[in-house]
Structures are given as C-alpha cells and as structure tokens.
Amino acid sequence: MDSVKSSDVNPAKGKLARTFAKVLHLRVATGVAPVDGNQKVKPQEKIKKDWNVGKSAARTGSRSLPFDNEEELENKVALQALLAKLFATISSIKAAYAQLQYSQFPYDADGIQAADQMVVSELKNLSEFKQSYLKRQFDPSPENAMLSAEIQEQKSVLKTYEIMGKKLDSQLRLKDSELIFLREKLEEATKQNRLLDKRLNQSGQLYVLDNLQHSGLTPTHLVTVLRHAVKSIRSFVRLMVEEMKSAGWDIDAAANTMEPGVVYLKDDHKCFVFESFVCKQMFEAFNYPNFSLPDKSLPDKRHQLFFRLFMDMKSGKPKEFLEQNPKSKFSKFCRVKYLQLVNPKLESSLFGNLNQRNLVKAGEFPNTTFFALFAEMAKRVWLLHCLAFSFEPEASVFQVNKGCRFSEVYMESVADEAFLSSDDTPESDPRVAFTVVPGFRIDKTVIQCQVYLSQFQTKVPKEQAKV
C-alpha cells in the first residue's frame, strides 16, 4: 500500500472542514432544521416553486433572481436532497440500534442479526453519500429524493417508538411479575404471622401450658399468663382511647383527671394512665376467691379446683363460653367488671346510647367489637386469677403508692427515660407516679409490678409497697 504524506492530507482536511461549514450554513439557509427531534425539510411544493422561479428568472434576466444562476440553484437543491438522505439514514441507524438493544434481553438471535445487518447497510449508505459529495455526483431528481428521504425518516422514527413501546411493555410485564411474587410472599408472611400470633398471643391459646400438671406449677407459668393478660388489657385500652378520640374526648384532660399532677416524659406516655385505670378496675378484689363474688364455701382442695378451671377455660373462646354458661362464675365476673369499668357516661359518649349496658344488666352479652375485646381481656384476667389460686399458698397482687422510691426488687419501669435527667445523667432517685400493672407475690417469690416513674421537685417521704 502506498504511503500518504502529511502534506497531501492537510489540504484535504481543510477542504473537508470548509465543506461541513458550508453544509451547516446551507441547512440554515434552506430550512433543513430539526423540529421536535425530527429532521424536517422544505415541502416539495416550496422546492418546486424555487426551482421554477429560478429557471424563469434566468431566462428573462430579471434582477429579482433568488439565485445567481441556474447552476447554483441546482447545486443547492442537490445538497439539500443529500442532507435529507443523510439525516434519514441516521434515523435508520438509530432505529436499528434501538432494535439491537431490545433484542439483547430477552436474547433474540434473529433480531440481533437483522439489526446488525441494518446498521452495516446504513453505514455503507453513509459512505456512498460521502463519495457522492466529494465527486459532486448528486441525485438527478432531488425533489423525489427529498420526499423519499422524509418518508424513510418518518418510518425510522415510528419504528424507534414502536421498539420503545415494546420495551416499556416488557418492563411492565416484568414489574407485574415482581408484584405478584411480592404479594405471594406477603400473603405467606401474613399467614405465618397469624399462626405465630395464634400460638403465642391469642386469647386462651396457651399452648405452652397444654401439658401442665398441678404438681409442676411454678411462678414462671404465672408470668406467662400475666403477659397474655397484659397484652389483652393494652389492646382493649387502645380501642377505648380510639373510641374516646372519635367521640371528641379531651384525652389530656381525661388523663389529668385520673392521675392529677403527673409530669409525662412524652405525650404518648399518657396511654399508661388509661392502662393503669383499667388494671385497677379489673384487678380489684383479685386476692379474694372469685373476686369476692357470692359463692358457697370453698372445698378443702380448692387449689386443685382452681387449677382445673384454668385448664378447662384456657383453650376456649370467651364469647362461646358466655353464651353456653350464662350463669357461671366467669359470666358474673364479666357482668360486674363491665358495669364497673364502663360507666354510663363513658358508654353514652362512645356509642350514643346505653344498649350494651342494658343488655349486660339483663344477663345477655352484646355482639360488638368493643365487648368482644372486653371479654377477651376479662377471660385472661380470670385465667390469671384461677392460676394464682392454684398455688399453695395462693399468689397475691400488690401495687405501690405514688411517690415511692423506685426499687428493682419490686418494680419495673414502663418508660426507661425516667432514669435520665434533662442533662442525660443518671437520675439517682426516680419516684413512682402511679402503678400501671400490679405485681405478684408467691410465697417468697416476687413478680415485679410495672410502674410509671416521674421526676419530683420536692422530697416525698418514702412509703412501703401496699400489699
């Protein structure tokens, strides 16, 4: 191959640069400019008009001639046609490249091959356009060439949009598949959570105590039942507070009425006041057999009797038990505690009437969500009572009075923030604001009560736990 000297190349580079400058200038002069991302050219009628005007003016010698001579007109129109074909070819390459990308995933060998052939073919056309320009060999019919180029360009743009649409449809189907998969996983996880909740936390479903024997009874079993009872109490309190908010109650004012003068570390800690109120009502007279309800004298083996009651009731549903045993001790307990806890003013403000209260007084049980949660809570407290009296000696409840010093032996704080002062240093003397959940004492074993602690500015005399 003959070598090429640099001196022979440089003039060509300068000539090529001037040519591109002329082409760009020609695009502005002839109206070949991009509109909305597509290359547009003069309409065929406009080109034909300029061509005819140029010919007529050349023959008559008029000074209004738009071009200097007919040859210059033909060259400009030919260049315009060449530019139109150039941009149409570029659009075809873009469409082929889009097809090549789309065929990559999922893999389409035929589509890749067809797109590759299209790119190669259009690159050859570009090379031919270059040679035609350098050799000044233009299309003899520029009007038809420009129209054909515009049609080709529009087809290429349409093909590009079609490929983009197919790609978006493919992505949409992929997202739909992912959504279906995630929904299936969510349903599976929800079923697992429900199963775990049923096994561990659902009312009465104390599976860990299925094989429990009276001789093997330990304080740990009482702690397990206590946790179930506390969870049910909190569920009922949450519903009661939501109903109170819906009925327009001032929650802050209600909390201050139940426990006046308490400084809360956080606003959401006021829920502990309502929990404390419910616990006081539900655990009142807990230390007496059957909550001091009227009953015959208890037999000598009352511990075994309470244990059998516990084992018989722990797996049943409270609503079914109430309907089947309306005159049982548990049914009487539910009626007394409901009328004591939900006073007429509260029920009337929540539901607008006293229908539930009237049904309970008449010995019937309402079929409402509110009473269903109350029955769940009552059953767990009743089971806790039965298990407490299964011990020998019986377990008893205790609570601490407001202002007592905190003791880790007898108390557990429901809010750890109470142990930190405003400057984040350990507080040496936190005080009890109120008891949230009572504690239990089984012989020499103590199950801590849950208390809410608050800072006191004045010294409060130390008090002993109230048993």
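Helices, taken as H or I runs of at least four residues, and strands, taken as E runs of at least two, are DSSP runs numbered from the N terminus. In these terms, serine 328 belongs to the loop between α10 (318-324) and α11 of what is a predicted model. Buried means under 20% relative accessible area, and serine 328, with a relative accessible area of 17%, is therefore buried. A polar atom of the serine 328 side chain lies 3.0 Å from the backbone oxygen of asparagine 325.

**Confidence**

The protein chain has an average pLDDT of 78, and 75% of the residues score at least 70. Residues 1-17 stay under 50 in pLDDT, and the model gives them one contact beyond four places in sequence. Residues 422-427 also have a pLDDT below 50, although this stretch has eight contacts in the model beyond near neighbours in sequence. Where pLDDT is low, the predicted coordinates should not be read in detail.

**Helix α12**

Helix α12 spans residues 344-351, and its buried residues are Leu346, Glu347 and Leu350. Viewed down the axis of α12, these buried residues fall within an arc of 95°, so they line one face of the helix. An α-helix has 3.6 residues a turn, so residues three or four places apart point the same way. The cover over the buried residues of α12 includes α6 (219-246), α11 (329-341), α13 (355-361) and α14 (369-388). At the N-terminal end, α12 is capped by asparagine 343, a side-chain oxygen of which lies 3.2 Å from the backbone nitrogen of lysine 345. Just after α12, glycine 352 adopts a positive phi of about 80°.

**Strands**

Strand β5 (residues 431-437) has seven of its seven residues buried, so it is largely enclosed by the rest of the structure.

| Strand pair | Bridges |
|---|---|
| β5 and β8 (residues 449-454) | five bridges |
| β3 (residues 396-398) and β6 (residues 439-442) | three bridges |
| β6 and β7 (residues 445-447) | three bridges |

Valine 432 stands opposite leucine 453 in β8, while valine 397 faces phenylalanine 440 in β6, and arginine 441 has valine 446 in β7 as its bridge partner.

Definitions and conventions: Residues are numbered from 1 along each chain as its sequence is written. Side-chain values use heavy atoms; hydrogens and water are left out. Buried means under 20% relative accessible area, exposed over 50%, partly exposed in between (1.4 Å probe, protein chains only). The arc is that of the directions from the helix axis to the C-beta atoms. Contact means heavy atoms within 4.5 Å. A polar contact is a pair of N or O atoms within 3.5 Å; within protein, one must be able to donate a hydrogen and the other to accept it, and residues adjacent in sequence count only if both atoms are side-chain atoms. Two strands pair if DSSP finds at least two bridges between them. pLDDT is the predictor's confidence in each residue, from 0 to 100.
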